[in-house]
Amino acid sequence: MRPAQALAGYPCAVMRALFLALAVGCGARSHPGTTADVAVRAQRLLDVRAGKMVAGAVVLVRGDTIVAAGPAAETPIPAAARVMDLGDVTLLPGLIDAHVHLAWATPATKLPGARDAECTLRAGFTTVRNLGSTGRADLALRDAIRRGDVPGPRMLAAGPGIGAPGGACDQVFGREAVAADAGEAEKRTREIIAMGADVVKLCAGGVIPSPADEAVADLREDAIRAIVVAAHAAGRKVAAHAQGPEAIARAVRAGVDSIEHGGLIDAAAAALMRERGTFLVPTLYRVDAVVDNARGRGAAPDAVAKMVERSRAAHGRIRAAIAAGVKIAVGTDATVIPHGDNAHELATLVEVGLSPLEAMRAATIHAAELLGWGDRVGAVAPGLLADLVAVPGNPLEDITSVRRVRFVMQGGRVVRNDDGPACPAH
């Protein structure tokens, strides 16, 4: 078992004490007693917490943990450390995708999702939240990655999503977690947690951001509340697939931790989310990708026009929610988009109103907060896991640079150090 896995269940205070025993400082500066196995140098480092770019940066890593990070003049490199000078790149924290679907039960595949997991990791996403699968495939993939059997992002897995009969989760997840009322909803929640789920997914209403789904809310509020109570009692967070205002409002009032998609959100639902501190995971790039794919297939012009109209409407709703102060975390719904293309979402979020810095935070510290892992990942800082990504240029000036990953370190292990594609041909 790796050190980070051994500590995974410990509270932050205990972890901090253990890190201090290994001479890990609490600030960004190194000190004479700091030890490190590896020193990573780069021309720039994005400090997402402070919101500034650090020039001439050094990150010191021991084992799977960052022990110091900052300007070279303030971060002396121990004589015994192995130096990796990455040159003219920007170092970022490992990116986080809070909504993917990496694995589906496929009898002909020994470990479904393994290839897609590797592509996701090589794209710079060192941590993901897998919100729904069939046949426990995501739990198997998560465990294989934890054991080191296959490369992939650190995963929180949900198993099947809970939904009303005939609703979105019922249709997508093969009737594996159908709940007709609050009693069944609580029972399904306990069953999913017992099978090993790290997070609970439910479908509150709607499938895609279309006028037909505006008023759809097919899971009752008391059923959603039953799921939330059971999940929170077991230390699990709850993510709610919801498109329209009523589905969103029911889920937020019931206490969910995040709304997924939310393409038909209105001002009242946005205000409620801001008031409750509920995260929105917009998955907007997938809407544009569907349009592009339809055009590429030669779809009928009127069908494409309807897709474009839905895309513009969803962009407008999310733009208004951002302006209203709703908290945003990056998620892509990858499987709808190709795995490895996850970073496109950041540029889409900039298009609808986030600054490049806030888009970077949505993929790092804010996503880490949503996952409940802010004491493990999300920033380049002492005491956190050594997840580092290097990209050319400056993402604060050109957010698309995050799509051109050149270097990935996950938990102190170098995953890639090349200019190739996220998904190289095998």
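The following dialogue explains how to read several features of a predicted model.

Colleague: How many helices and strands does the chain have?

Modeller: There are 14 helices and 16 strands in the chain. Helices (H or I, at least four residues) and strands (E, at least two) are DSSP runs, numbered from the N terminus. The radius of gyration is 21 Å, close to the 22 Å that the globule rule gives for 426 residues, so the chain is as compact as a globular protein of that length. This radius is taken over C-alpha atoms, and the globule rule is 2.2 Å times the number of residues to the power 0.38.

Colleague: How are two packed helices described?

Modeller: They are described by the angle between their axes and the distance between the axes. Here, helix H6 (residues 182-194) and helix H7 (residues 221-233) have axes that come within 8 Å and cross at roughly 30°. Axes are lines fitted to C-alpha atoms, for helices over the stretch in contact, and angles run from 0 to 180 degrees between N-to-C directions. H6 and H7 are therefore roughly parallel to each other; angles under 35 degrees count as roughly parallel.

Colleague: Which residues in H6 and H7 meet?

Modeller: Ala182, Ala185, Glu186, Thr189, Arg190 and Ile193 in H6 meet Asp222, Ala223, Ala226, Ile227, Ala230 and Ala231 in H7. Contact means heavy atoms within 4.5 Å.

Colleague: How do strands of a sheet pair?

Modeller: Strands pair through backbone hydrogen bonds, either parallel or antiparallel. In this model, five strands form an open sheet in the order E9-E10-E11-E12-E13, with parallel pairing; two strands pair if DSSP finds at least two bridges between them. Strand E9 (199-205) and strand E13 (327-328) are the edge strands, each pairing on one side only. Strand E10 (residues 237-242) is joined to strand E11 (residues 258-261) by four bridges, and histidine 241 stands opposite glutamate 260 in E11.

Colleague: Where is arginine 295 placed, and with which residues is it in contact?

Modeller: Arginine 295 is in helix H10 (residues 285-296). Leaving aside neighbours within four places in sequence, arginine 295 is in contact with Val304 and Val308.

Methods: Residues are numbered from 1 along each chain as its sequence is written. This is a predicted model: local features need pLDDT of at least 70, side-chain atom pairs count only at pLDDT 80 or more; totals for chains, interfaces and linings use all residues. Side-chain values use heavy atoms; hydrogens and water are left out. Angles under 35 degrees count as roughly parallel, over 145 as roughly antiparallel, 65 to 115 as roughly perpendicular and the rest as oblique.
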